[in-house]
Amino acid sequence: MQHRIASKVSHVVLLATILVGFSFLFWQQSEPAAQVVDASIADAIEAAQYAPRGADACLTCHNTTTVNAIQTTPHWRSTDFRTPAAQHDCESCHGASPEHLQSMSSPAVVFSGNGRFPQSDVSIQNQSCLGCHQTDARTHWAASSHQAADVSCVSCHDIHASSDQVLSPLLQAQTCFGCHQDKRAELNRRSHHPVAEGLMSCSSCHNPHGSVTASLLAKNSINETCTGCHTEKRGPFLWEHQPVAEACTNCHNPHGSTQAALLNIRQPFLCQTCHQDVFHPSSLYSGTGIPDAGAAQTLLGSACTNCHSQVHGSNHPSGSRFTR
């Protein structure tokens with residue numbers, strides 16, 4: 001009996017010894033692996049602490065003079081909560097693009113495409129801008145002629161430039177002339193508004209972001225736009241000249257003309273397009289009345305306005321013919 005008990009005890013001791021041995025062996029093998037895992041996590045945490053974030057992450061690769069110039073623009077005023085710098089830096093405009101940072105895939109919004117990253121659709125580009133700039137002068141952008149023509153904001157604006165050319169009265173027209181080349185020719189005629197001289201710009205009369213008029217006028221009508229400067233022509237007058245009341249462009253080309261005072265054609269031919277048989281002969285005046293062939297007063301000096309000097313309208317009781 002005692003022999004059997006001793007035998008069982010010895011077996012238990014042997015089994016316990018084996019289990020302790022295996023546990024010690026497993027502990028020796030597993031601890032280095034755990035130490036490696038802990039070290040990897042620590043390295044990742046340390047790397048994340050020092051990895052560039054926000055704009056710094058973008059500028060790690062896009063560190064050029066052209067890109068860095070945005071730091072001198074109003075977009076980079078971090079003290080203004082409305083700016084990209086106060087929101088999500090570059091991602092405020094280009095969209096969240098973690099895949100671009102990790103695997104160099106295309107950013108969410110590409111404004112200037114290249115061989116690797118094609119330009120985003122115009123509607124996507126403009127929506128990025130209109131997310132902030134959708135009030136005041138841009139209220140009528142939707143359905144405007146520029147929007148219908150798929151013009152993007154960056155077609156005219158350089159948001160990274162410290163001095164955006166389109167905001168300069170002296171340089172703005174050069175941006176507009178990129179598309180409106182016919183207006184470039186007109187503004188170089190001898191009679192023109194002082195756009196080239198920098199005394200006014202295209203946006204003095206037009207709102208390129210949209211308006212209620214067909215020509216993107218800044219005011220509600222042609223005459224309201226013109227009389228904003230030419231107040232003496234505003235009226236109302238006791239005697240009104242009908243074509244003047246309708247639209248200044250009936251007689252004038254606002255961008256430029258080969259005739260004096262921006263007239264569409266010279267006098268008296270301009271006047272006779274309407275006045276063909278009223279108080280004066282209905283025959284069209286020609287060069288036969290110019291000295292030395294003749295001396296028709298209607299072809300000399302200011303022509304019809306030699307007598308009808310108040311052609312825009314008169315407040316004189318006897319001014320029904322605009323002579324006073």
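Reader: Is Cys-176 buried, partly exposed or exposed, and with what relative accessible area?
Author: The model is predicted. Buried means under 20% and exposed means over 50%, with partly exposed in between. Cys-176 therefore counts as partly exposed, because its relative accessible area is 23%.

Reader: How many disulfides does a search of the whole structure find?
Author: A disulfide needs two cysteine sulfur atoms within 2.5 Å. For Cys-176 the nearest cysteine sulfur is that of Cys-202, 3.7 Å away, and Cys-176 is in no disulfide. Cys-226 is in no disulfide either, as the nearest cysteine sulfur, that of Cys-248, is 3.9 Å away. Over the whole structure, the number of disulfides found is 0.

Reader: Is Ser-97 buried or exposed?
Author: Ser-97 sits in the loop between α4 (91-94) and α5 (98-103). Leaving aside neighbours within four places in sequence, Ser-97 is in contact with Glu-91, Pro-107 and Ala-108. Its relative accessible area is 13%, and the cut-off is under 20%, so Ser-97 is buried.

Reader: Which residue has its backbone nitrogen 3.1 Å from a polar atom of the Ser-97 side chain?
Author: A polar contact requires N or O atoms within 3.5 Å. The distance of 3.1 Å runs from the side chain of Ser-97 to the backbone nitrogen of Ala-108.

Notes: Residues numbered from 1 in each chain as written. Predicted model: local features only at pLDDT ≥ 70, side-chain atom pairs only at ≥ 80, totals over all residues. Heavy atoms only, no water. Buried < 20%, exposed > 50% of the residue type's maximum accessible area, 1.4 Å probe, protein only. Helix = DSSP H or I, 4+ residues; strand = E, 2+ residues; numbered from the N terminus. Polar contact = N/O pair within 3.5 Å; in protein donor to acceptor, adjacent residues only side chain to side chain. Contact = heavy atoms within 4.5 Å.
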